[in-house]
Amino acid sequence: MKTHGENELISAYLDGELSEQEARALREHISSCPACREEHAGLRATKSLLARAPRRAMPPELVAQIEARLTRPLWKRMRDRILPPFTVLVPAGAFAAAALVAAVWFGAHRVADDQSIPLEPLLAAHSRYAAEALVPPTELVAANYSAQLNAYYGDPTDQE
Amino acid sequence: MSPRTFRSLGRSISVGDSGGFSELIRQCGEKAYNFAFRLSGNEQDARDLVSAAFVRAWEHFGSYETDKPFESWLYKILHNIYLDEVRRYAHSHTVSLDAPAPREETSWDELLPGADPELDSGLLRREEDEMAQKALSSLPPHYRAAVALCDMEKLSYEEISEIMSCPVGTVRSRVHQGRELLRKAFAQLHKTGVKHP
């Protein structure tokens, strides 16, 4: 029997899925083929390990939980199936709320920036005023300008 | 339960009586829960899977063919729900149902304690169980389901093919490939010096 490259036969043999004729032929082959004997032993050990795994008891409260779901109205069962579970909705809702707050905050600051006075027209107006003013540019600073006027007309705070 | 009992149960379900179905939950719940646990690898997901499977069976009880075992039908529903969840996950991640799964970050020697002759048999069984589950969880979903149904639920290839909606030859291939992948995992344990059953 050809088994090399068809080791599925060995698994099927271990599972009792071969006909009596196929099983007999495989047994004969295994007895004379060290590679297939080793394959057989390895697969049998793996199957045995899984078969020995202990059974788990169904949690007792799970029966009651399922029964409670059965008696829920149809629309609630459909909603449970369509919507994500609560454990997903809560973090998702928190994230959405945080994103909304951040968007509002950034939006407000952007509006404030838009409403601030642009610098370029202000400088242009200042330059135009400086060119057209009768007062010399070095005396355009308000404090100096006042000092010049005071020097010309006399300081009103000076009682003498 | 006989086919006649199932037909009677179907009539009571159609009028909203859940009493008979509760008996089915008690009879088949343990098997469904074990299969779900082997597929998902954790208790919470197993609970969700079993719960969803029974609710869907209740809703579609009219389509159940009463001459076939109810457990096989329930397994099929549960397996479909499981695959839906895997596909949903795969939609946002790269996961193949057939290709070998990527190795987990944790190495085998971290997962398993060293061999100690003083350990009692109960502890050894628990360690064996943990090892078997870790190895199973490393398999791609189709291989995992086929091996769990064959070696743990002890179903025939014919029953598994019905549950997994595939030909018997595909089941044979998946069972064998699954065992080969498990063997490789166990062989690695040997290399790290951990006692292998």
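**Figure 1. The area buried between chain B and chain A.** In this predicted model, chain B and chain A bury about 3,900 Å² between them. Carbon and sulfur atoms give 56% of that area. As for the residues in contact, 45 come from chain B and 36 from chain A.

Figure 2. One to find for yourself is the salt bridge of B:Glu30 with A:Arg55, where the closest N and O atoms are 3.5 Å apart. Between chain B and chain A there are also 18 residue pairs in polar contact, with both residues at pLDDT 80 or more.

**Figure 3. The side of chain B that touches chain A.** Here we look at the helices that take part. Two or more residues each come from helix H2 (19-40), helix H3 (43-59), helix H6 (121-137), helix H7 (141-152) and helix H9 (168-191) of chain B. Which of these elements gives the most? That is H2(B), with eleven residues. Sorted by class, this side of chain B has 20 nonpolar, 17 charged and eight polar residues.

**Figure 4. A salt bridge within chain A.** Over all chains, the whole structure holds 20 salt bridges. In one of them, A:Lys47 pairs with A:Asp15, and their closest N and O atoms are 2.8 Å apart. This pair links distant parts of the chain, 32 residues apart. A:Lys47 sits in helix H3 (residues 34-52) of chain A, while A:Asp15 is in the loop between helix H1 (8-14) and helix H2 (20-32) of chain A.

**Figure 5. A nonpolar patch on the surface of chain A.** Three leucines, A:Leu119, A:Leu122 and A:Leu123, make up this surface patch. Together they have about 310 Å² of accessible area. To get your bearings, look for helix H7 (residues 119-132) of chain A, where A:Leu123 lies.

Conventions. Residues are numbered from 1 along each chain as its sequence is written. Chains are lettered from A and ligands numbered from 1 in the order in which they are written. This is a predicted model: local features need pLDDT of at least 70, side-chain atom pairs count only at pLDDT 80 or more; totals for chains, interfaces and linings use all residues. Side-chain values use heavy atoms; hydrogens and water are left out. Contact means heavy atoms within 4.5 Å. Buried area is the accessible area (1.4 Å probe) that two parts lose on being put together, summed over both. A salt bridge is a side-chain nitrogen of Lys or Arg within 4 Å of a carboxyl oxygen of Asp or Glu. A polar contact is a pair of N or O atoms within 3.5 Å; within protein, one must be able to donate a hydrogen and the other to accept it, and residues adjacent in sequence count only if both atoms are side-chain atoms. Helices (H or I, at least four residues) and strands (E, at least two) are DSSP runs, numbered from the N terminus. Ala, Val, Leu, Ile, Met, Phe, Trp, Tyr, Cys and Pro count as nonpolar, Asp, Glu, Lys and Arg as charged, and the others, Gly among them, as polar. Patches are made of residues with over 30% relative accessible area and no salt bridge: like charges are joined within 9 Å, nonpolar side chains (Val, Leu, Ile, Met, Phe, Trp, Tyr) within 5 Å. Accessible areas come from the Shrake-Rupley method with a 1.4 Å probe; for residues, only the protein chains shown count as cover.
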